[in-house]
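Here is a short report on selected helices and backbone features. Start with the structure itself.

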Amino acid sequence: MEEKKPRALATQSAAKIPKFVRSNLSATLKAREEGKKVAYAFIMDGHDEIMRAMDIVPAWGESFSGLCAAKRDAEQYLQKAESENFSRSLCTYATCNLGFDILREEMGGETPPGAPWGGMGRPDMIIGSAQQLCDPRFKWPQATRHYLPDVPVFVGGMYYPPWDPQTDRREVEKFYVKYITEELRECVRFCEKVTGKKMDWDRLEAAVDLADRTWDLFDETYALRKARPTPMDTGDAMNTMVPITFNLGTQEAYDFYKELNAELREKVEKKEGVAEEEKYRLVWGAGLPSWFALGDFQYFNGKGAVFPAETTYHVAQPIDRLDLPNTSDPLEHIAWRLIRYYTHWYDKARQKPGSAPLVERIMEYVDDYKCDGVVFHSAFSCRSWHAGIILQAEVLRKVYGHIPILIMEGDIVDISSYNEADTHNRIDAFIETLEAYKNSRN
(Lines give C-alpha, C1' and ligand atoms only; values in the text may rest on other atoms or scores of the structure.)
Protein backbone atom coordinates (compact mmCIF):
# COMPACT_ATOMS: atom_id res chain seq x y z
CA MET A 1 0.00 0.00 0.00
CA GLU A 2 1.33 3.42 -0.96
CA GLU A 3 2.44 5.50 2.02
CA LYS A 4 0.19 8.50 2.58
CA LYS A 5 1.76 11.94 2.61
CA PRO A 6 1.50 13.29 6.18
CA ARG A 7 -1.14 15.96 6.79
CA ALA A 8 -0.03 19.52 7.34
CA LEU A 9 0.11 20.43 11.04
CA ALA A 10 -1.14 23.66 12.56
CA THR A 11 1.32 23.71 15.46
CA GLN A 12 5.05 23.23 15.78
CA SER A 13 4.44 21.20 18.92
CA ALA A 14 2.42 18.56 17.05
CA ALA A 15 5.33 18.20 14.62
CA LYS A 16 7.47 17.00 17.55
CA ILE A 17 5.17 14.05 18.32
CA PRO A 18 6.86 11.58 15.94
CA LYS A 19 9.96 11.99 18.11
CA PHE A 20 7.89 10.88 21.15
CA VAL A 21 6.57 7.83 19.32
CA ARG A 22 9.98 6.88 17.96
CA SER A 23 11.50 7.31 21.41
CA ASN A 24 8.84 5.07 23.00
CA LEU A 25 9.42 2.35 20.41
CA SER A 26 13.20 2.71 20.60
CA ALA A 27 13.08 2.32 24.40
CA THR A 28 11.43 -1.10 23.98
CA LEU A 29 14.18 -2.19 21.59
CA LYS A 30 17.03 -0.99 23.83
CA ALA A 31 15.55 -2.15 27.14
CA ARG A 32 17.24 -5.55 27.22
CA GLU A 33 20.76 -4.12 26.82
CA GLU A 34 19.94 -1.55 29.51
CA GLY A 35 18.81 -4.27 31.90
CA LYS A 36 15.16 -3.20 31.87
CA LYS A 37 11.98 -5.18 31.40
CA VAL A 38 9.42 -4.47 28.67
CA ALA A 39 5.66 -4.71 29.25
CA TYR A 40 2.96 -4.74 26.62
CA ALA A 41 0.58 -2.08 27.93
CA PHE A 42 -2.73 -0.36 27.18
CA ILE A 43 -3.81 3.26 27.48
CA MET A 44 -6.16 4.48 30.25
CA ASP A 45 -5.08 1.46 32.28
CA GLY A 46 -3.93 3.19 35.49
CA HIS A 47 -0.64 1.31 35.30
CA ASP A 48 1.56 3.96 33.70
CA GLU A 49 2.93 5.48 36.89
CA ILE A 50 3.53 2.00 38.36
CA MET A 51 5.63 1.05 35.34
CA ARG A 52 7.56 4.35 35.40
CA ALA A 53 8.31 3.96 39.10
CA MET A 54 9.69 0.45 38.52
CA ASP A 55 11.76 1.23 35.39
CA ILE A 56 9.52 -1.02 33.31
CA VAL A 57 9.43 0.10 29.67
CA PRO A 58 5.84 0.19 28.33
CA ALA A 59 5.27 -1.04 24.79
CA TRP A 60 2.01 0.50 23.68
CA GLY A 61 0.24 -1.84 21.30
CA GLU A 62 -2.47 0.62 20.32
CA SER A 63 0.17 3.22 19.47
CA PHE A 64 2.12 0.79 17.29
CA SER A 65 -1.01 -0.33 15.40
CA GLY A 66 -1.99 3.30 14.88
CA LEU A 67 1.49 4.01 13.52
CA CYS A 68 1.23 1.04 11.14
CA ALA A 69 -2.11 2.41 9.95
CA ALA A 70 -0.78 5.97 9.56
CA LYS A 71 2.12 4.58 7.50
CA ARG A 72 -0.41 2.49 5.55
CA ASP A 73 1.70 -0.52 6.42
CA ALA A 74 -0.77 -2.52 8.52
CA GLU A 75 -2.09 -4.80 5.79
CA GLN A 76 0.68 -7.43 6.06
CA TYR A 77 0.04 -7.79 9.81
CA LEU A 78 -3.75 -7.88 9.41
CA GLN A 79 -3.38 -10.57 6.74
CA LYS A 80 -1.04 -12.59 8.96
CA ALA A 81 -3.55 -12.50 11.82
CA GLU A 82 -6.32 -13.38 9.38
CA SER A 83 -4.32 -16.43 8.26
CA GLU A 84 -4.51 -17.58 11.91
CA ASN A 85 -8.33 -17.24 11.77
CA PHE A 86 -8.60 -13.86 13.48
CA SER A 87 -11.53 -12.12 11.79
CA ARG A 88 -11.14 -8.61 10.39
CA SER A 89 -14.24 -7.66 12.33
CA LEU A 90 -12.23 -7.98 15.56
CA CYS A 91 -10.39 -5.00 17.04
CA THR A 92 -7.79 -4.12 14.42
CA TYR A 93 -5.51 -2.60 17.05
CA ALA A 94 -5.31 -6.14 18.42
CA THR A 95 -5.14 -8.05 15.14
CA CYS A 96 -2.44 -5.74 13.72
CA ASN A 97 -0.34 -6.34 16.85
CA LEU A 98 -1.01 -10.07 16.81
CA GLY A 99 0.05 -10.29 13.16
CA PHE A 100 3.29 -8.46 14.02
CA ASP A 101 3.92 -10.79 17.00
CA ILE A 102 3.25 -13.92 14.95
CA LEU A 103 5.61 -12.81 12.19
CA ARG A 104 8.35 -11.95 14.70
CA GLU A 105 8.05 -15.36 16.40
CA GLU A 106 8.23 -17.10 13.03
CA MET A 107 11.47 -15.19 12.38
CA GLY A 108 13.04 -16.40 15.60
CA GLY A 109 12.48 -13.14 17.44
CA GLU A 110 13.85 -10.89 14.72
CA THR A 111 11.82 -7.78 13.84
CA PRO A 112 9.95 -8.28 10.56
CA PRO A 113 11.72 -6.36 7.77
CA GLY A 114 10.33 -2.91 7.12
CA ALA A 115 8.44 -2.68 10.43
CA PRO A 116 7.55 1.00 10.99
CA TRP A 117 10.29 2.80 12.93
CA GLY A 118 11.98 -0.45 13.86
CA GLY A 119 8.93 -2.14 15.39
CA MET A 120 8.38 -3.00 19.06
CA GLY A 121 10.58 -4.97 21.40
CA ARG A 122 9.51 -8.45 22.53
CA PRO A 123 7.77 -8.13 25.92
CA ASP A 124 8.90 -9.67 29.21
CA MET A 125 5.35 -9.35 30.52
CA ILE A 126 1.88 -8.21 29.52
CA ILE A 127 0.01 -5.77 31.79
CA GLY A 128 -3.54 -5.62 30.55
CA SER A 129 -6.51 -3.57 31.63
CA ALA A 130 -9.83 -4.49 30.12
CA GLN A 131 -11.93 -1.69 31.56
CA GLN A 132 -15.59 -2.42 31.23
CA LEU A 133 -15.76 -0.68 27.90
CA CYS A 134 -13.38 -2.91 25.96
CA ASP A 135 -13.77 -6.67 25.90
CA PRO A 136 -10.93 -7.21 23.37
CA ARG A 137 -8.55 -6.09 26.11
CA PHE A 138 -9.36 -9.33 27.95
CA LYS A 139 -8.86 -11.51 24.90
CA TRP A 140 -5.94 -9.66 23.29
CA PRO A 141 -3.42 -10.59 26.03
CA GLN A 142 -4.71 -14.15 26.06
CA ALA A 143 -4.35 -14.43 22.29
CA THR A 144 -0.87 -12.90 22.42
CA ARG A 145 0.23 -15.47 24.97
CA HIS A 146 -0.80 -18.24 22.57
CA TYR A 147 2.16 -17.12 20.45
CA LEU A 148 4.40 -15.92 23.31
CA PRO A 149 3.76 -18.71 25.86
CA ASP A 150 6.74 -17.77 28.04
CA VAL A 151 5.44 -14.24 28.71
CA PRO A 152 3.48 -13.83 31.99
CA VAL A 153 0.21 -11.92 31.89
CA PHE A 154 -1.61 -9.69 34.37
CA VAL A 155 -5.05 -8.44 33.33
CA GLY A 156 -7.17 -6.28 35.59
CA GLY A 157 -10.60 -4.81 35.06
CA MET A 158 -10.32 -1.19 36.21
CA TYR A 159 -14.10 -1.14 36.56
CA TYR A 160 -15.98 2.05 37.23
CA PRO A 161 -19.68 2.38 38.14
CA PRO A 162 -21.94 1.91 35.13
CA TRP A 163 -24.24 4.83 34.33
CA ASP A 164 -27.60 4.46 36.07
CA PRO A 165 -29.83 7.56 36.23
CA GLN A 166 -31.62 6.09 39.28
CA THR A 167 -28.44 5.72 41.33
CA ASP A 168 -26.35 8.38 43.04
CA ARG A 169 -22.74 7.63 42.07
CA ARG A 170 -21.58 8.47 45.60
CA GLU A 171 -23.39 5.43 46.94
CA VAL A 172 -21.22 3.03 44.94
CA GLU A 173 -17.97 4.81 44.06
CA LYS A 174 -16.05 3.77 47.16
CA PHE A 175 -16.65 0.08 46.44
CA TYR A 176 -15.20 0.44 42.95
CA VAL A 177 -12.25 2.43 44.30
CA LYS A 178 -11.50 -0.31 46.82
CA TYR A 179 -11.67 -2.93 44.05
CA ILE A 180 -9.40 -0.97 41.69
CA THR A 181 -6.92 -0.18 44.47
CA GLU A 182 -6.56 -3.88 45.29
CA GLU A 183 -6.18 -4.69 41.59
CA LEU A 184 -3.37 -2.12 41.33
CA ARG A 185 -1.73 -3.58 44.45
CA GLU A 186 -1.85 -7.00 42.80
CA CYS A 187 -0.32 -5.46 39.67
CA VAL A 188 2.55 -4.10 41.78
CA ARG A 189 3.15 -7.58 43.25
CA PHE A 190 3.11 -9.02 39.70
CA CYS A 191 5.68 -6.45 38.52
CA GLU A 192 7.87 -7.07 41.58
CA LYS A 193 7.86 -10.80 40.83
CA VAL A 194 8.76 -10.40 37.14
CA THR A 195 11.38 -7.69 37.63
CA GLY A 196 12.83 -9.02 40.89
CA LYS A 197 12.69 -5.45 42.25
CA LYS A 198 10.64 -3.92 45.04
CA MET A 199 8.38 -0.96 44.39
CA ASP A 200 9.89 2.41 45.34
CA TRP A 201 6.78 3.96 46.91
CA ASP A 202 8.29 7.45 47.17
CA ARG A 203 9.09 7.35 43.48
CA LEU A 204 5.55 6.19 42.69
CA GLU A 205 4.09 9.03 44.76
CA ALA A 206 6.22 11.53 42.84
CA ALA A 207 5.10 10.05 39.51
CA VAL A 208 1.44 10.29 40.55
CA ASP A 209 1.88 13.91 41.63
CA LEU A 210 3.55 14.72 38.30
CA ALA A 211 0.70 13.00 36.45
CA ASP A 212 -1.85 15.16 38.32
CA ARG A 213 -0.03 18.32 37.34
CA THR A 214 0.18 17.13 33.73
CA TRP A 215 -3.59 16.50 33.75
CA ASP A 216 -4.24 20.07 34.86
CA LEU A 217 -1.81 21.58 32.38
CA PHE A 218 -3.24 19.45 29.56
CA ASP A 219 -6.78 20.62 30.28
CA GLU A 220 -5.74 24.27 30.65
CA THR A 221 -3.88 24.07 27.34
CA TYR A 222 -6.72 22.44 25.43
CA ALA A 223 -9.16 25.06 26.78
CA LEU A 224 -7.18 27.71 24.86
CA ARG A 225 -8.82 26.25 21.76
CA LYS A 226 -12.05 28.02 22.71
CA ALA A 227 -10.57 31.12 21.09
CA ARG A 228 -11.95 32.21 17.74
CA PRO A 229 -10.22 31.44 15.45
CA THR A 230 -9.16 28.28 17.21
CA PRO A 231 -5.36 27.91 17.28
CA MET A 232 -5.44 24.08 17.10
CA ASP A 233 -8.08 21.55 16.17
CA THR A 234 -8.70 17.84 16.48
CA GLY A 235 -6.39 17.07 13.56
CA ASP A 236 -3.41 18.16 15.67
CA ALA A 237 -4.97 16.90 18.91
CA MET A 238 -4.82 13.36 17.53
CA ASN A 239 -1.05 13.87 17.68
CA THR A 240 -0.67 15.98 20.81
CA MET A 241 -2.51 13.33 22.86
CA VAL A 242 0.57 11.08 22.68
CA PRO A 243 2.39 12.46 25.77
CA ILE A 244 -0.62 12.21 28.09
CA THR A 245 -1.76 8.80 26.87
CA PHE A 246 1.62 7.13 26.42
CA ASN A 247 4.01 9.14 28.61
CA LEU A 248 1.91 10.03 31.66
CA GLY A 249 3.99 10.37 34.77
CA THR A 250 7.07 11.60 32.91
CA GLN A 251 8.67 15.04 32.97
CA GLU A 252 8.79 14.94 29.17
CA ALA A 253 4.98 14.91 28.98
CA TYR A 254 4.62 17.86 31.38
CA ASP A 255 7.27 19.85 29.48
CA PHE A 256 5.55 19.14 26.17
CA TYR A 257 2.25 20.66 27.34
CA LYS A 258 4.06 23.64 28.80
CA GLU A 259 5.53 24.28 25.37
CA LEU A 260 2.21 23.66 23.58
CA ASN A 261 0.50 26.02 26.03
CA ALA A 262 2.93 28.81 25.19
CA GLU A 263 2.55 28.21 21.46
CA LEU A 264 -1.25 28.27 21.58
CA ARG A 265 -1.28 31.45 23.71
CA GLU A 266 0.89 33.14 21.11
CA LYS A 267 -1.39 31.99 18.30
CA VAL A 268 -4.47 33.24 20.15
CA GLU A 269 -2.84 36.62 20.67
CA LYS A 270 -1.96 36.84 16.97
CA LYS A 271 -5.38 35.43 15.97
CA GLU A 272 -3.74 32.65 13.95
CA GLY A 273 -6.35 30.01 13.18
CA VAL A 274 -6.39 26.53 11.72
CA ALA A 275 -8.49 27.44 8.69
CA GLU A 276 -7.83 30.32 6.35
CA GLU A 277 -11.35 31.55 7.13
CA GLU A 278 -13.07 29.89 10.12
CA LYS A 279 -16.72 29.45 9.09
CA TYR A 280 -17.92 26.44 11.06
CA ARG A 281 -16.92 25.06 14.47
CA LEU A 282 -17.47 21.38 15.16
CA VAL A 283 -17.11 18.89 18.01
CA TRP A 284 -15.50 15.54 17.27
CA GLY A 285 -18.20 13.81 19.28
CA ALA A 286 -16.91 10.30 19.62
CA GLY A 287 -14.95 7.66 17.87
CA LEU A 288 -11.34 6.82 17.22
CA PRO A 289 -10.10 8.28 13.94
CA SER A 290 -8.99 6.44 10.85
CA TRP A 291 -5.27 6.74 11.44
CA PHE A 292 -4.58 6.24 7.73
CA ALA A 293 -6.84 9.19 6.82
CA LEU A 294 -5.99 12.02 9.23
CA GLY A 295 -5.79 14.20 6.11
CA ASP A 296 -9.60 14.29 6.24
CA PHE A 297 -9.29 16.85 9.05
CA GLN A 298 -7.35 19.02 6.64
CA TYR A 299 -10.15 18.55 4.09
CA PHE A 300 -12.61 19.89 6.67
CA ASN A 301 -10.26 22.82 7.32
CA GLY A 302 -10.17 23.59 3.59
CA LYS A 303 -13.94 24.03 3.74
CA GLY A 304 -13.65 26.46 6.66
CA ALA A 305 -14.64 23.83 9.26
CA VAL A 306 -12.53 23.40 12.40
CA PHE A 307 -12.73 21.15 15.47
CA PRO A 308 -11.87 23.13 18.62
CA ALA A 309 -12.90 20.22 20.86
CA GLU A 310 -13.20 16.44 20.88
CA THR A 311 -14.09 13.73 23.37
CA THR A 312 -11.65 11.21 21.87
CA TYR A 313 -8.32 11.22 23.71
CA HIS A 314 -9.34 14.22 25.82
CA VAL A 315 -8.37 11.93 28.66
CA ALA A 316 -7.95 14.39 31.50
CA GLN A 317 -10.13 16.70 33.55
CA PRO A 318 -8.92 19.29 36.08
CA ILE A 319 -8.12 17.58 39.37
CA ASP A 320 -10.11 20.19 41.34
CA ARG A 321 -13.20 19.48 39.26
CA LEU A 322 -13.00 15.78 40.20
CA ASP A 323 -13.02 16.63 43.93
CA LEU A 324 -10.79 13.67 44.82
CA PRO A 325 -10.81 12.52 48.48
CA ASN A 326 -7.51 12.87 50.33
CA THR A 327 -5.45 9.72 50.65
CA SER A 328 -1.81 8.93 51.39
CA ASP A 329 -1.99 5.81 49.21
CA PRO A 330 -0.85 6.62 45.64
CA LEU A 331 -2.67 3.55 44.30
CA GLU A 332 -5.93 4.68 45.88
CA HIS A 333 -5.37 8.15 44.41
CA ILE A 334 -4.99 6.60 40.93
CA ALA A 335 -8.23 4.68 41.53
CA TRP A 336 -10.17 7.79 42.60
CA ARG A 337 -8.80 9.76 39.64
CA LEU A 338 -9.88 7.07 37.18
CA ILE A 339 -13.34 6.65 38.74
CA ARG A 340 -14.12 10.36 38.95
CA TYR A 341 -12.86 10.97 35.41
CA TYR A 342 -15.87 8.94 34.27
CA THR A 343 -18.44 9.61 37.01
CA HIS A 344 -18.15 13.36 37.45
CA TRP A 345 -20.45 13.75 34.42
CA TYR A 346 -23.14 11.60 36.04
CA ASP A 347 -24.57 14.41 38.20
CA LYS A 348 -25.26 16.65 35.19
CA ALA A 349 -26.83 13.78 33.26
CA ARG A 350 -29.16 12.86 36.16
CA GLN A 351 -30.68 16.34 36.04
CA LYS A 352 -31.95 15.75 32.47
CA PRO A 353 -34.22 12.74 31.85
CA GLY A 354 -33.06 10.89 28.74
CA SER A 355 -29.54 12.28 28.85
CA ALA A 356 -26.30 10.41 29.47
CA PRO A 357 -22.80 11.38 30.66
CA LEU A 358 -21.19 11.09 27.24
CA VAL A 359 -23.83 13.37 25.73
CA GLU A 360 -23.45 15.88 28.57
CA ARG A 361 -19.77 16.09 27.76
CA ILE A 362 -20.48 16.76 24.07
CA MET A 363 -23.13 19.38 24.97
CA GLU A 364 -20.66 21.14 27.24
CA TYR A 365 -18.23 21.40 24.32
CA VAL A 366 -20.98 22.56 21.92
CA ASP A 367 -21.92 25.35 24.35
CA ASP A 368 -18.51 26.38 25.70
CA TYR A 369 -16.69 26.21 22.37
CA LYS A 370 -19.61 27.76 20.41
CA CYS A 371 -19.88 24.89 17.95
CA ASP A 372 -22.29 24.54 15.05
CA GLY A 373 -22.36 20.77 14.64
CA VAL A 374 -21.04 17.40 15.74
CA VAL A 375 -19.10 14.72 13.84
CA PHE A 376 -18.87 11.11 14.98
CA HIS A 377 -16.74 8.32 13.56
CA SER A 378 -18.05 4.79 13.83
CA ALA A 379 -15.22 2.27 13.43
CA PHE A 380 -16.55 -1.14 12.41
CA SER A 381 -13.91 -3.12 14.31
CA CYS A 382 -14.43 -1.31 17.63
CA ARG A 383 -17.94 -2.06 18.79
CA SER A 384 -17.40 -1.49 22.50
CA TRP A 385 -16.07 2.08 22.33
CA HIS A 386 -18.31 3.15 19.45
CA ALA A 387 -21.57 1.70 20.72
CA GLY A 388 -24.26 4.27 21.46
CA ILE A 389 -23.26 6.87 18.86
CA ILE A 390 -26.71 6.90 17.24
CA LEU A 391 -28.37 7.29 20.65
CA GLN A 392 -26.02 10.17 21.49
CA ALA A 393 -26.91 11.83 18.17
CA GLU A 394 -30.64 11.49 18.90
CA VAL A 395 -30.26 13.08 22.34
CA LEU A 396 -28.33 15.97 20.80
CA ARG A 397 -31.11 16.52 18.27
CA LYS A 398 -33.72 16.58 21.06
CA VAL A 399 -31.74 19.23 22.92
CA TYR A 400 -30.55 21.39 20.02
CA GLY A 401 -33.25 20.76 17.41
CA HIS A 402 -31.78 20.36 13.96
CA ILE A 403 -28.12 20.64 14.86
CA PRO A 404 -26.11 19.15 11.94
CA ILE A 405 -24.62 15.76 12.80
CA LEU A 406 -22.39 13.63 10.59
CA ILE A 407 -21.67 9.99 11.39
CA MET A 408 -18.69 8.84 9.38
CA GLU A 409 -18.00 5.13 8.98
CA GLY A 410 -14.70 3.34 8.58
CA ASP A 411 -12.05 1.74 10.73
CA ILE A 412 -9.09 2.67 12.87
CA VAL A 413 -6.42 0.50 11.20
CA ASP A 414 -7.99 -1.48 8.32
CA ILE A 415 -7.97 0.71 5.22
CA SER A 416 -9.76 -1.83 3.02
CA SER A 417 -13.20 -0.25 3.48
CA TYR A 418 -12.03 3.37 3.06
CA ASN A 419 -12.77 5.41 -0.04
CA GLU A 420 -11.38 8.94 0.03
CA ALA A 421 -13.64 10.28 -2.73
CA ASP A 422 -16.80 8.96 -1.06
CA THR A 423 -15.68 10.31 2.31
CA HIS A 424 -15.02 13.76 0.89
CA ASN A 425 -18.39 13.73 -0.89
CA ARG A 426 -20.10 13.08 2.45
CA ILE A 427 -18.12 15.91 4.04
CA ASP A 428 -19.14 18.24 1.19
CA ALA A 429 -22.81 17.40 1.75
CA PHE A 430 -22.39 17.97 5.49
CA ILE A 431 -20.82 21.38 4.88
CA GLU A 432 -23.88 22.36 2.82
CA THR A 433 -26.09 21.31 5.74
CA LEU A 434 -23.96 23.37 8.11
CA GLU A 435 -24.29 26.42 5.89
CA ALA A 436 -28.07 26.06 5.71
CA TYR A 437 -28.24 25.58 9.50
CA LYS A 438 -26.20 28.72 10.16
CA ASN A 439 -28.33 30.75 7.74
CA SER A 440 -31.51 29.56 9.45
CA ARG A 441 -30.23 30.82 12.80
CA ASN A 442 -29.22 34.26 11.48
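Is methionine 44 buried, partly exposed or exposed? The model is predicted. Methionine 44 has a relative accessibility of 21%, so it counts as partly exposed, since buried means under 20%.

Methionine 44 is not a glycine, yet its phi is positive. Tryptophan 117 is not a glycine either, and its phi is also positive. The table sets out both residues.

| Residue | Phi | Loop | Relative accessibility |
|---|---|---|---|
| Methionine 44 | about 55° | between β1 (38-41) and α2 (48-53) | 21% |
| Tryptophan 117 | about 50° | between α5 and β3 (125-129) | 22% |

Arginine 228 and proline 229 are joined by a cis peptide bond, with omega about 0°. Proline 229 lies in the loop between α8 and α9.

**Helix α11**

Helix α11 covers residues 251-270. Its 20 residues should span 28 Å at 1.5 Å a residue, and the end C-alpha atoms are 29 Å apart, which agrees. Its buried residues include Ala253, Tyr254, Phe256, Tyr257, Leu260 and Leu264. The buried residues of α11 pack against α1 (17-30), α8 (201-223), α9 (234-240) and α10 (242-246). Just after α11, lysine 271 has a positive phi of about 55°.

**Helices α4 and α5**

The axes of α4 (residues 75-83) and α5 (residues 92-106) come within 7 Å and cross at roughly 80°. That makes α4 roughly perpendicular to α5. From α4, the contact uses Gln76, Tyr77, Leu78, Lys80 and Ala81. From α5, the residues in contact include Thr92, Cys96, Phe100, Leu103 and Glu106. By class, the contact has seven nonpolar, four polar and two charged residues.

Technical notes
Residues numbered from 1 in each chain as written. Predicted model: local features only at pLDDT ≥ 70, side-chain atom pairs only at ≥ 80, totals over all residues. Heavy atoms only, no water. Helix = DSSP H or I, 4+ residues; strand = E, 2+ residues; numbered from the N terminus. Expected span 1.5 Å × (residues − 1). Buried < 20%, exposed > 50% of the residue type's maximum accessible area, 1.4 Å probe, protein only. Contact = heavy atoms within 4.5 Å. Axes fitted to C-alpha atoms, helices over the stretch in contact; angles between N-to-C directions. Parallel < 35°, antiparallel > 145°, perpendicular 65-115°, else oblique. Nonpolar A, V, L, I, M, F, W, Y, C, P; charged D, E, K, R; others polar.
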